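This note sets out several points for a colleague who has the coordinates open.

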Amino acid sequence: MDALLLTAQFDSAVEAAEATDARPDAAGWVPFHAELSLRFGRALTGRGDLDAAESRLVEGYLEAVDSQSVDIASATALELAKLLGVERQEPARGMVWMRLAEVHERARGQAPLRRAAQLHRRSSLLKQLKQFDAAEAGYLEAVALLEAELGPAHLLVARTRNNLGTLYEEVSRFDEAMTQFGAAIAIRRETLGDTHPDVAQTLVGMANTRGAMGDHDDALALHLRALKTYRAALGEEHVLVALARGNLAAAHLDLRQLDPALEHATHAAKIYEARFGPLHAKTANALNSIGTIHHWAGRLSEAKTHYE
């Protein structure tokens, strides 16, 4: 299952977890079941099923605590911090789980790699809370620890540098952002190949930075490359493909290219509605984007329909 998660084959990872969970002996040893829940939750998160992921991770955390499996409890709390703070954009809730993870780590004795993982996750939450200086310090300390333990070309170094790049983009330190994204994408391409979703993630960060710098043509080209990569890795209907299409819609709008903007926004809305339903916030945001495009084009009745 770990190999499926690493290669972003989330549907297959969910199927593997379900098959293991269905075995008669799966729940017989509680620590095993708690660790299965951790992997199951990661797979569900990757697939975009956030409600199911949260439920399964909480179940696994309670199993880990009940069986005194401190390492699994800590890792699961850290995963819930990511799910709530980053995926759901609820950093205050994420920070509660972050603190629980830190409590467990103090109980088991902290090692450098686990310290780096905690710094990375805490910094992601601090960034969401707009505490940028503290977030930057945490990311930089995590990079130093990871490079010392694993070397400068490890995927965990790439992940932390990528997130540091997003922080620098958000605070308008664009040259530093591009430096971090450049280092991250070089590692990811060398290790994972050109068609991995993590490569696309970094392309999105680079595109957002170029757009913020006013280079909208370059931003559009990078967003197109990200979409192509996501589609190659995940298929046409994945939520990350919807995210990439939404990014492209915005990039085309920056260039006043309304027809392609509408095409991508419409595709994104269809994916979100199929995955989450018509009343989900992601669906609503995509429909709102379609309304904005119609508004810019002077089609006010169509705009009103999508706004409503």
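1. The nonpolar cores. In this predicted model, the largest nonpolar core has 68 residues, and W97 and Y230 touch the most other members. Leaving out residues up to four places away in sequence, W97 touches V58, Y61, A77, L80, A81 and L84. A second core of eight residues is separate, with A116, L119, A142 and I187 among its members.

2. Helix α4. This helix covers residues 50-66, and its 17 residues should span 24 Å at 1.5 Å a residue; the end C-alpha atoms are 24 Å apart, which agrees with that expectation. Which residues of α4 are buried? They are L50, A53, E54, R56, L57, G60, Y61, E63 and A64. An α-helix has 3.6 residues a turn, so residues three or four places apart point the same way. The elements that cover the buried residues of α4 include α2 (10-21), α3 (30-47), α5 (70-87) and α6 (91-108).

3. Q89 is not a glycine and has a positive phi near 60 degrees; its place is in the loop between α5 and α6. Because its relative accessibility is 48%, Q89 counts as partly exposed. K130, also not a glycine, has a positive phi of about 70 degrees and lies in the loop between α7 and α8 (132-150). Is K130 buried or exposed? K130 counts as exposed, because its relative accessibility is 51% and the cut-off for that class is over 50%.

4. The surroundings of H120. This histidine, H120, is found in helix α7 (residues 112-128). H120 has 2% relative accessibility and therefore counts as buried. With neighbours within four places in sequence set aside, H120 is in contact with Y139, A142, R159, T160 and N163. One of these contacts, A142, is also included in the second core.

5. A search of the whole structure finds 22 salt bridges. One of them joins E147 and R161, with the closest N and O atoms 3.0 Å apart. E147 lies in helix α8 and R161 in helix α9 (residues 155-170), so this pair ties together parts that are 14 residues apart in sequence.

6. E176 forms a salt bridge with R173, and the closest N and O atoms are 2.8 Å apart. E176 is partly exposed, with a relative accessible area of 34%, and R173 also counts as partly exposed, at 28% relative accessibility. R210 and D215 meet through their side chains in a salt bridge of 2.8 Å, N to O. D215 counts as partly exposed at 27% relative accessibility. Which residues are joined into one network? Salt bridges that share partners join D51, E54, R88, E90 and R93 in this way; E54 is also listed among the buried residues of α4.

Conventions. Residues numbered from 1 in each chain as written. Predicted model: local features only at pLDDT ≥ 70, side-chain atom pairs only at ≥ 80, totals over all residues. Heavy atoms only, no water. Helix = DSSP H or I, 4+ residues; strand = E, 2+ residues; numbered from the N terminus. Buried < 20%, exposed > 50% of the residue type's maximum accessible area, 1.4 Å probe, protein only. Contact = heavy atoms within 4.5 Å. Expected span 1.5 Å × (residues − 1). Core = buried A, V, L, I, M, F, W, Y, C linked by side-chain atoms within 4.5 Å. Salt bridge = Lys/Arg side-chain N within 4 Å of Asp/Glu carboxyl O.
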